[in-house]
Amino acid sequence: TAEDLQQVLAIASGYSVHTYQKQIASGFLPLEGGHRLGVCGEAVMEQGEILSFTALSSLNLRIAHQIKGIGAELAGRLFQNGRFLSTLIVSPPGYGKTTLLRDLVECLSDGEAGGPLRISLVDERGEIAASHGGTPQYTIGRSTDVLTGCSKAKGIELMTRSMGPQIIALDEITSLEDCRAISEASYCGCAFLATAHAAEAADLKRRPIYRRLLEDAVFQKIIVIRRTNGQR
């Protein structure tokens, strides 16, 4: 019932739903341990943005898990003459891009494949570090700074200006603003580790938001995740 859903949300928020109103308006409530409670219902809109939900129709509890070590072998292959090469991880949704990105961030930040390297993680939706109360719930490396709740384009600008990153990491390049910010930061000497939705590397060239990044050689390495006999 609607009452049951509202009670679950109240418990999950520690009976402080208003404190998490911004996150809930984004469609989920972050929980300690990296878990998250997805929300769906009747949205209140203003100028194209969701402000809140007046009624809940369903909830989706996503149980978090971190797969450590899956990027260890790849990490060492992303360097040339001791320099990290900007890398883009590509696959359709649900193939594990974010999971691989998270592990590569940890490997590079802890110096398991050259370094350690200073990494600025722009975690717009809180899915990579799963920060709760400012504390990452996943291990992301000793040399990683995390910015959560900020747009990727603005986050790239802030991190470049204030944190002196060697690598900027982010999930799901989705807009022209993201691409412009990446290009500008790359001119400042920052390398990138990012993900994008595509079945193959060739698909990127057919999409305008990625084409310029490829033409400008912002990314020197592309990792493609595929399924073979049901395995990734």
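Modeller: Gln47 counts as exposed, because its relative accessibility is 80%. (Buried means under 20% relative accessible area, exposed means over 50%, and partly exposed lies in between, with a 1.4 Å probe and protein chains only.) This is a predicted model, in which local features need pLDDT of at least 70 and side-chain atom pairs count only at pLDDT 80 or more, while totals for chains, interfaces and linings use all residues. Residues are numbered from 1 along each chain as its sequence is written, and side-chain values use heavy atoms, with hydrogens and water left out.

Gln47 sits in the loop that joins strand 2 (36-46) to strand 3 (49-62). (Helices, H or I of at least four residues, and strands, E of at least two, are DSSP runs numbered from the N terminus.) Although Gln47 is not a glycine, its phi is positive, at about 50°.

Leaving aside residues up to four places away in sequence, Ser91 touches Lys97, Ala196, His197, Ala198 and Ile225. (A contact means heavy atoms within 4.5 Å.)

Asp4, in helix 1 (residues 2-12), is partly exposed because its relative accessible area is 46%. Arg212, in helix 8 (residues 208-215), counts as partly exposed because its relative accessibility is 46%. From C-alpha to C-alpha, Arg212 and Thr98 are 23 Å apart in space, and they are 114 residues apart in sequence.

(On a 1 Å grid over the protein atoms alone, a pocket is an open set of points with protein on both sides within 12 Å along at least five of seven lines, whereas a cavity is a set of points where a 1.4 Å probe fits but cannot get out; lining residues have an atom within 4 Å of a point.) The largest pocket holds about 1300 Å³ of space. (Grid points are joined across faces, edges and corners, and a volume is the space filled by probe spheres set on the points.) Helix 2 (21-25), strand 1 (28-30), helix 4 (97-109) and strand 11 (221-224) each give at least two residues to the lining; helix 4 gives the largest share, five residues. By class, this lining has 18 nonpolar, 18 polar and eleven charged residues. (Ala, Val, Leu, Ile, Met, Phe, Trp, Tyr, Cys and Pro count as nonpolar, Asp, Glu, Lys and Arg as charged, and the others, Gly among them, as polar.)

The second largest pocket contains about 260 Å³. It is lined by 19 residues, and Arg83, Phe84, Gly189, Cys190 and Ala191 are the closest to its centre. Strand 5 (83-84) and helix 6 (176-187) are the elements that supply two or more residues of that lining. Nine of the lining residues of the second largest pocket are nonpolar, eight are polar and two are charged.

There is also one cavity of 30 Å³ or more. The largest cavity holds about 50 Å³, and its lining consists of Val122, Asp123, Glu124, Arg125, Glu127, Ile128, Lys152 and Asp171. Six of these are charged, two are nonpolar and none is polar.

Finally, the whole chain may be considered. The protein chain contains eight helices and eleven strands. Its radius of gyration is 19 Å, close to the 17 Å that the globule rule gives for 232 residues, so the chain is as compact as a globular protein of that length. (The radius is taken over C-alpha atoms, and the rule is 2.2 Å times the number of residues to the power 0.38.) Along its principal axes, the C-alpha trace spans about 60 × 45 × 35 Å. Of the 232 residues, 42% count as buried.
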